[in-house]
Amino acid sequence: MPKYLNASDRALWIPGIGKVEPGGQISAPEGFRNANFTKVVPKKEDPTKDPDKKAV
Amino acid sequence: MSNFLADSSYLAVKPQSAAATPVIPTDFVPLIEESIRVNANYAADRRMKGLSWKSDELLKANRTIEGDLRVYCDPDNLGHLLNMAFAKGSTTGDATDGYTHPFTVGDGKHYSLEVSRGEFATRIFGARADRLRIEFEENKMASVVSIKALGQFQAASLAVALTGAGMTEVVLSTDYDLRPADGLVVGDVIRVGGVDVTLTSVNANGTTVGFASTSITASVGDTVYLLAQTPSFSALQEPFYMGNTLVGFGDDESAATTAAGARATAVPCYDLSTEFMQNLLDAPASGATGPSVLLNQTREGALELRRLFEDPEQMQKYLENKETAVTLIATGRHIKSDLTTSELLTIKYFRTKLVDLEEPLNVGEYIYDAETREVLYDSSEAKAVTFALVNRTAGGSY
């Protein structure tokens, strides 16, 4: 499930999910929409920084 | 098709920086009832067309957008209700001691409101409180706010078909209004052709909204609607209670406030309600099918209460048209950890007079003074009523 970050300055309580502190993240189903939250976009891995992977 | 229980609905609010510029509401208020609606004021087309039936068409008159919101008055959401009706002064205080928000008679802010019905949302913008009624419902302070608004967006239809891959904009039909997209905001999510898209632009022409390239197939006339948010509550607060409210009477505001400061000097009231009317004029004008502006007309207020009859003093004041100042202080939860500050609502009526007084006799019942007080302007103090609200919400939210 995608993650969302509480971008507001207040702790928020979401029905069915619970309390989220400011800056805290939640996992919510696709379709979660709330103007106090922003979707967290996963960072792409940099293969050159992974010791187990060698750049080709 | 799905059906929806109202219990999952929400009211979200946020003050606007300009009267006709909507924003996405972010403060969610637990609703009890809502009845805001668009009055298109349709009327039968009565032109002579050779019909033996009343009419074959409805025509639009000037549109109004109005209705009531009913919520419990908790210390934080009450700030929004007051902010829609009155002029807010500078907030003082901090998170530790609580924030104090003063309100005086003046223009309230315009708000964007959002009410959900199932997965759909109605966006109301340019909303202000026309009437604010505060009453107690089985000990709990509740408020009925009568709203008037400049516009709304809930649903529209496609004016131009969407034909598959690479769609980046929707053009809305102008059957409702020449500017059907008014009310939408960048960041809103609309559903069109069964696909949800997030708006990246709202064109100044009032008909077109843009989004990132998406594959959508939809026909002219297909419904386009605004999707509801998932509600988030900053706190599910208790309302103010009648049991923690003191009412003081006095010859002037100072005496009334002193009397309201302690249970021993306050007057026990067995029922209490007050209302303030802004008497907003939702003025139609050329260039707008709905109200073009919400204009304040002469304001007024009333205070109704019942208290046990003890002596003929109130009757004497009623008959002789004597003035009384009244102060209402409702105390909520403690804010500071050492219990020295609390959530607080103070309403000061600087000059009231009994416009109606009844002391009815009913067998088996105590005799009550049933008072209806007109809230008057106090020329010596140059004010009629003031409010002070202490809560946990910083002033920036209002």
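Two strands are taken to pair if DSSP finds at least two bridges between them. On this basis, in the predicted model, chain B contains an open sheet of 6 strands in the order S15-S20-S17-S18-S19-S16, and the pairing is antiparallel. The edges of this sheet are formed by S15 and S16 of chain B, each of which pairs on one side only. From one strand to the next, the twist averages 30 degrees. Within the sheet, strand S17 (residues 189-192) of chain B is joined to strand S20 (residues 223-226) of chain B by 3 bridges in the antiparallel sense. One residue pair can be named here: B:Ile190 has B:Leu226 in S20(B) as its bridge partner. Strands of a sheet pair through backbone hydrogen bonds, in either a parallel or an antiparallel manner.

B:Val160 is classed as partly exposed because 14 other C-beta atoms lie within 10 Å, a count between the limit of 12 or fewer for exposed residues and that of 20 or more for buried ones. Leaving aside residues up to four places away in sequence, B:Val160 touches B:Val171 and B:Val220.

At the level of domains, chain B is divided into domain 1 (159-221) and domain 2 (242-397). The C-alpha centres of these two domains of chain B are separated by 48 Å.

A second sheet is found in chain A. This open sheet comprises 3 strands in the order S4-S1-S5, with antiparallel pairing. Strand S4 (25-27) and strand S5 (37-40) of chain A are the edge strands, each pairing on one side only. The average twist from one strand to the next is 35 degrees. Strand S1 (residues 3-6) of chain A runs antiparallel to S5(A), and 4 bridges join the two. In this sheet, A:Asn6 is placed opposite A:Phe37 of S5(A).

Contact between the chains involves 12 residues from chain B and 12 residues from chain A. On the side of chain B that touches chain A, the residues divide by class into 6 nonpolar and 6 polar, with no charged residues.

Backbone torsions were also examined. Most residues other than glycine have a negative phi. B:Asn139, a residue other than glycine, has a positive phi, near 85 degrees. B:Asn139 belongs to the loop between strand S12 (120-137) and strand S13 (140-149) of chain B. This residue counts as exposed because its C-beta neighbours inside 10 Å number 12, and the class covers counts of 12 or fewer.

A positive phi is likewise found at B:Leu339, where the value is near 65 degrees and the residue is again other than glycine. The loop between strand S26 (323-334) and strand S27 (342-358) of chain B contains B:Leu339. With 9 C-beta neighbours inside 10 Å, B:Leu339 is therefore counted as exposed.

Conventions
Residues are numbered from 1 along each chain as its sequence is written. Chains are lettered from A and ligands numbered from 1 in the order in which they are written. This is a predicted model: local features need pLDDT of at least 70, side-chain atom pairs count only at pLDDT 80 or more; totals for chains, interfaces and linings use all residues. Two residues are in contact if their C-beta atoms, placed from the backbone, lie within 7 Å. Ala, Val, Leu, Ile, Met, Phe, Trp, Tyr, Cys and Pro count as nonpolar, Asp, Glu, Lys and Arg as charged, and the others, Gly among them, as polar. Domain bounds come from an automatic or database domain assignment. Axes are lines fitted to C-alpha atoms, for helices over the stretch in contact, and angles run from 0 to 180 degrees between N-to-C directions.
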